[in-house]
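Work through the exercises below with the model open. Try each task before reading its solution.

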Amino acid sequence: MNFATPLLLSLRLSLVTMVLLFITGIPLAYWLVFSRTKWKFIIESVVALPLVLPPTVLGFYLLMAIGGNSIIGQWYEAIFNSTLAFSFQGLILGSFLYSLPFAVQPFQTSFSSVDKKLLEASWSLGRSHVYTFFSVILPLSRQGIITGCVLSFAHTLGEFGVVLMIGGNIPGVTRVASVAIYDEVQSLDYGNANMYSAILLFFSFTILAIVYFTNRRFIRTL
Amino acid sequence: MLHVSFKKIWNGFTLDATLEIPFGKITALFGPSGAGKSTILRIISGLETADEGRISYGSEVWFDKLSGIHLPPQQRPVGFVFQDFALFPHLTVKKNVAYGIKEKKHAQEVRDLISLVGLSGYEHYYPAQLSGGQKQRVALIRALARKPGLLLMDEPLSALDWETRRQLQEDLKQILRQFNVTTIYVTHDITEMYKLADYVIALESGKVMRRGTPEEIFLGKKLSTRIQISGKVIGIESDPIMVAVTVMHEDQYIKTLIDAEEIDRMDLKIGDDVIIGAKSSDVILFKTLTKL
């Protein structure tokens, strides 16, 4: 098997997860910030759950939920003629849930830190909530959106427990970089394990450095 | 005529107000902070909802608790000028002003508005690059750009220093006259109210106390004097017969002598708002060489 395959798989998984989180996380975060329902805290807790839950717990229940014996698993198999568990699509689902708070919470923080007066100014100038969102909230939350996307990307890249539980270790399909490291160590190939680890370390550090650097510049220009 | 009559209770505070705002005039809502002035503006604009009551603008009903009518702020032809300007920090002066204009071709209109408040050349500046006075000018024309029937101004000058304030008071008067827009102006500054308002509604702890022209409200009668200067008492020095009262009017101090009994009768204290009146026969007039 090619050395680069697990790395490319990790990158693909992270990218797809980030895009999905960007698309669904923004409306979810908007709802969490502006909804007045008193049951909001339940959704908030669910979103934050992956922060405190052992990845194996999430992985286990996901496996139960999407496995061949579950309704979702059977339904998926009937439509796509393949199993959701132990597939790349299954990994996307797991990563999506596991990285949800890393995207939604920065979105939420940046939406709620937009001055309420600006929203009122927009409404009193005759502009709808949707127009206000795209013209005022979103541009002023740029930094939070970038942070959320980058963090969810980096977090997916480093995920291990959930991936192993629901994806297993199938070369080229579900063997992402973090799983490959574990695999190499199991077969006592420390050299390769070190290569993967060093690349992931370098990548994660670079991403975080870029985020903190742009955040710092952003604060200065305000 | 804008008819406003409503009740709102929150945190044990009751705001119970009935107001009639004449079209085409500047009406000041005057009163101490905490009297409910800003909340009245917010309720008129639709940013807040009253517990009961009715708001009608000419023949349009904006709010009626009984028949369940509540127009959102977007549908009320209202311009709102906030105390802290509330300019969009990520948009230039030009884009801020154009924000509420829905017509496609508005470049010329925006340019005219910007030049009206003397900000030509600042079109591409961001709010953070402007002074307080400039920001409030932008906020004013942004609100007027939508051609509202009603302009609501919530202590628009209180965040500015006195010199900027004085200049803006003059400009405001002119611009509001030019647009001939019905205006409700919240202030607790007596000088400002005198300068701008045609009509005053005085509020205290959630209730309308008095209404009338500025003179009627603050003097109880028409003055026979020709000159009136409003200001604040900043010093009272007594000797047995006469008392010297120092009044500050903008950046000038005016000292005047008053009978000690008068002081007692009025219960005059430092910090009181007063009006100094002078008969025209006593006034000396000089021509100055340089125009200010």
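**Exercise 1. Describe the make-up of chain A: how many helices and strands are there?**

Solution. Count the elements. Chain A has 11 helices and zero strands. Here helices (H or I, at least four residues) and strands (E, at least two) are DSSP runs, numbered from the N terminus. Read from the N terminus on, the order is α-α-α-α-α-α-α-α-α-α-α.

Next, take the dimensions. Along the principal axes, the C-alpha atoms of chain A fill a box of roughly 65 × 45 × 30 Å. Of the 222 residues in chain A, 36% are buried. A residue is buried if 20 or more other C-beta atoms, placed from the backbone, lie within 10 Å of its own; it is exposed at 12 or fewer, and partly exposed in between.

Last, look at contact range. Two residues are in contact if their C-beta atoms, placed from the backbone, lie within 7 Å. Among chain A contacts with a separation of 6 or more, 73% are between residues 24 or more positions apart.

A note on the numbers: this is a predicted model, in which local features need pLDDT of at least 70, side-chain atom pairs count only at pLDDT 80 or more, and totals for chains, interfaces and linings use all residues. Residues are numbered from 1 along each chain as its sequence is written, with chains lettered from A and ligands numbered from 1 in the order in which they are written.

**Exercise 2. Find the nonpolar cores: which residues have the most contacts inside the largest one?**

Solution. Start with the definition. A nonpolar core is a set of buried Ala, Val, Leu, Ile, Met, Phe, Trp, Tyr and Cys residues joined through C-beta atoms within 7 Å. The largest has 86 residues, and B:A28, B:V97, B:A139, B:I141 and B:L152 have the most contacts inside it. Helix α4 (residues 132-145) of chain B gives the largest share, seven residues.

Now zoom in on B:A28. Leaving out residues up to four places away in sequence, B:A28 touches B:Y185, B:T187, B:M193, B:L196, B:A197 and B:V200. A second, separate core has 21 residues, including A:I66 and A:V179.

**Exercise 3. Trace the strand pairing in chain B: what is the strand order of the open sheet?**

Solution. Two strands pair if DSSP finds at least two bridges between them. The order is β14-β13-β12-β15 (chain B), with antiparallel pairing. The edge strands are β14 (252-259) and β15 (273-278) of chain B. Six bridges join β12 (residues 227-238) of chain B to β15(B). One pair is B:G231 with B:V274.

Then check the hairpin. β10(B) and β11(B) form it with two residues between them, and B:S205 in the turn has a positive phi of about 30°. Five bridges join these antiparallel strands. B:L203 has B:V208 as its bridge partner in β11(B).
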